[in-house]
Amino acid sequence: MAASKPVEPQSGGGLPRWQLALLLGAPVALGLGAAYLWHRSRAKEKRAGERKTPEGSASPVQGQRSATQSEHEDMSPLDRAQAAKNKGNKYFKAGKYEQAIQCYTEAISMCPKEQKSDLSTFYQNRAAAYEQQAKWTEVVQDCSQAVEMNPRYVKALFRRAKALERLDNKKECLEDVTAVCILEAFQNQQSMLLADKVLKQLGKEKAKEKYKNREPLMPSPQFIKSYFSSFTDDIISQPLQKGEKKDEDKDKEGEAAEVTESSGYLKAKQYMEEENYDKIISECTKEIESKGRYTAEALLLRATFYLLIGNATAAQPDLDKVINMQDANVKLRANALIKRGSMYMQQQQPQLSTQDFNMAAEIDSRNADVYHHRGQLKILLDQVEEAVADFDECILLRPDSALAQAQKCFALYRQAYTGNNPSQVQIAMDGFEDVIRRFPKCAEGYALYAQALTDQQQFGKADEMYDKCIELEPDNATTYVHKGLLQLQWKQDLDMGLDLISKAIEIDNKCDFAYETMGTIEVQRGNLDKAIDMFNKAINLAKSEMEMAHLYSLCDAAYAQTEVARKYGLKPPTL
């Protein structure tokens with residue numbers, strides 16, 4: 001399951017990335033495996049109960065006279081309005097919402113217009129009663145009146161946000177709940193959960209539409225080479241050999257059937273070696289349509305490039321055909337299962353993904369790639385012990401697999417770190433030292449070790465590891481992003497961090513991770529328009545619908561902040 005950047009387990013704890021990146025208003029830092037951010041050390045989160053009750057005491061207000069008619073007539077208009085509100089509160093607490101609404105309406109009509117604070121309370125109280133009757137439009141109208149008179153009225157903003165959600169007005173709901181989060185300094189769990197829910201819904205809706213109509217985009221050569229390097233038993237990624245053999249002859253030594261130059265598959269392989277990736281799909285199609293001797297290989301290679309350009313719909317039929325070719329080379333079928341399983345995981349179908357990996361292990365039990373990629377799947381599913389077992393099997397089959405060795409250490413480290421087990425953390429760290437000693441040319445080993453060192457706040461050594469990565473792979477943009485984030489956490493050096501991330505974009509202008517991270521930092525700096533531009537660039541480069549949905553969530557959160565700043569002058573703390 002090759003990826004452009006490390007991925008965290010799905011079931012792990014912690015806050016959603018939109019909160020960490022956008023709404024917490026916290027300094028930027030690199031967390032394990034991706035652009036995760038600090039959230040400030042703060043007191044235990046308030047877990048406020050549902051705001052159902054109206055405001056104000058049900059007892060007489062100060063200065064209120066006796067209940068006789070003559071004295072009531074002598075009360076000031078504000079006193080009479082307060083009395084009507086208090087009566088409404090009694091009805092509200094008794095569950096008599098219609099009578100409560102009548103009383104609040106009287107309070108609104110009697111209250112002097114210049115008494116905006118009191119009027120806003122009366123409107124908010126009536127909205128609370130309408131809420132109990134599920135009259136969402138009326139709730140929005142009354143809360144809007146309250147907010148117009150008191151723009152930072154948290155109770156009215158949050159009540160309106162909930163009503164807008166009920167009316168399926170997610171955009172305005174998000175703006176209101178964003179304002180509430182900022183006003184409450186992100187201490188109220190209810191408002192945070194609503195914001196998270198709405199952002200996910202918006203992200204999924206937008207990504208579904210955008211992904212369906214997106215233009216296919218070939219990733220950078222660096223990404224493609226990195227992807228293929230994660231396979232060792234992949235026939236289609238091996239260098240082209242003169243006199244390529246037929247499938248049925250592959251196990252017969254000395255029998256190499258010559259293939260004519262008109263073979264579309266061989267041309268596609270030649271284009272791969274030349275890094276002329278845009279022509280590969282069309283050449284594979286020629287081989288498939290002519291029913292050439294390399295049809296199985298062409299189907300798998302075409303499917304692979306469909307996956308790389310983000311067209312899973314086109315890739316799946318090709319993968320299905322290869323998997324069902326009983327007479328095809330077992331390595332091809334196993335590789336197709338690995339890629340289909342990875343595709344299912346991207347589509348958030350872990351059960352189907354697991355089935356494909358298990359089938360691959362059944363039909364080709366000596367294929368190290370199966371265990372390597374299944375191990376990555378298990379990490380995503382937070383099944384660390386099973387992941388380690390798969391990495392061990394991969395290492396047993398291929399002792400020289402530096403990548404599997406490094407990822408096993410990473411899995412053990414994650415298990416120890418999240419389990420708060422210092423002795424096991426140290427064992428994992430020692431394991432990383434052993435990996436980089438034995439495999440000094442494995443850039444991934446240094447990169448994963450650097451992430452663990454950052455967690456342990458050993459920033460200087462982490463920086464050294466990233467330098468080793470850059471020395472080994474100077475065109476790996478992702479490493480520059482991680483190193484840039486490290487500078488922010490370690491030295492609070494914003495300029496150096498941004499320079500390194502800009503360098504990543506210069507190296508690979510298709511690095512979505514760099515644009516996403518740059519957008520996150522710009523939010524923290526208060527440059528919301530630039531942040532939105534960065535997120536939109538990342539969205540156009542997203543390699544899966546799930547990734548695109550996440551990026552839309554970040555973008556929508558930033559846009560909501562621009563609207564909240566414009567309407568209410570509210571901004572979270574910036575760098």
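# Notebook: a helical protein, looked up piece by piece

**Entry 1, Y552.** I looked up Y552 and, leaving aside its neighbours within four places in sequence, found it in contact with G203, K206, A207, K210 and I539; contact here means heavy atoms within 4.5 Å. Y552 is found in helix 27 (residues 545-568). I took helices (H or I, at least four residues) and strands (E, at least two) as DSSP runs, numbered from the N terminus. Y552 is buried, with a relative accessible area of 13%. The terms I use are buried for under 20% relative accessible area, exposed for over 50%, and partly exposed in between, with a 1.4 Å probe and protein chains only. I also noted N536, which is 16 residues from Y552 along the chain, with 7.9 Å between the two C-alpha atoms.

The model is predicted, so I note its limits: local features need pLDDT of at least 70, side-chain atom pairs count only at pLDDT 80 or more, and totals for chains, interfaces and linings use all residues. Residues are numbered from 1 along each chain as its sequence is written, and side-chain values use heavy atoms, with hydrogens and water left out.

I found 27 helices and zero strands in the protein. The protein has 575 residues, and 55% of them count as buried. Of the contacts between residues at least 6 apart in sequence, 61% join residues at least 24 apart.

In soluble globular proteins, nonpolar side chains tend to be buried together. I looked for nonpolar cores, meaning sets of buried Ala, Val, Leu, Ile, Met, Phe, Trp, Tyr and Cys residues joined through side-chain atoms within 4.5 Å. The largest has 56 residues, and I280, L301 and F305 have the most contacts inside it. Helix 13 (residues 295-308) gives this core its largest share, 10 residues. I then checked I280: leaving aside its neighbours within four places in sequence, I280 is in contact with A268, Y271, M272, L301 and F305. A second, separate core has 49 residues, including A107, Y123, L157 and F186.

Two packed helices are described by the angle between their axes and the distance between the axes. The axes are lines fitted to C-alpha atoms, for helices over the stretch in contact, and the angles run from 0 to 180 degrees between N-to-C directions. For helix 17 (residues 368-380) and helix 18 (residues 384-397), the axes come within 8 Å and cross at roughly 160°. Helix 17 and helix 18 are therefore roughly antiparallel to each other. The cut-offs are under 35 degrees for roughly parallel, over 145 for roughly antiparallel, 65 to 115 for roughly perpendicular, and oblique for the rest. Among the residues that make the contact are Y371 and I379 of helix 17 and F391 and L397 of helix 18. I sorted the contact of helix 17 with helix 18 by class and got eight nonpolar, three polar and five charged residues. Ala, Val, Leu, Ile, Met, Phe, Trp, Tyr, Cys and Pro count as nonpolar, Asp, Glu, Lys and Arg as charged, and the others, Gly among them, as polar.

The axes of helix 5 (residues 116-132) and helix 7 (residues 154-166) come within 10 Å and cross at roughly 30°. The two are therefore roughly parallel to each other. Helix 5 passes helix 7 in a left-handed crossing. On the helix 5 side I listed Q124, A127, A128 and E131, which meet K155, A156, R159 and K162 in helix 7. This contact divides into three nonpolar, one polar and four charged residues.

Most residues other than glycine have a negative phi, and most peptide bonds are trans. Phi of Q457 is positive, near 60°. Q457 lies in the loop between helix 21 (443-455) and helix 22 (459-472), and is exposed, with a relative accessible area of 57%. Q492 also has a positive phi, about 50°. Its place is in the loop between helix 23 (477-491) and helix 24 (494-507). Q492 is exposed, with a relative accessible area of 52%.

Terms used
A crossing is left-handed if the near helix is turned anticlockwise from the far one by less than a right angle, and right-handed if clockwise.
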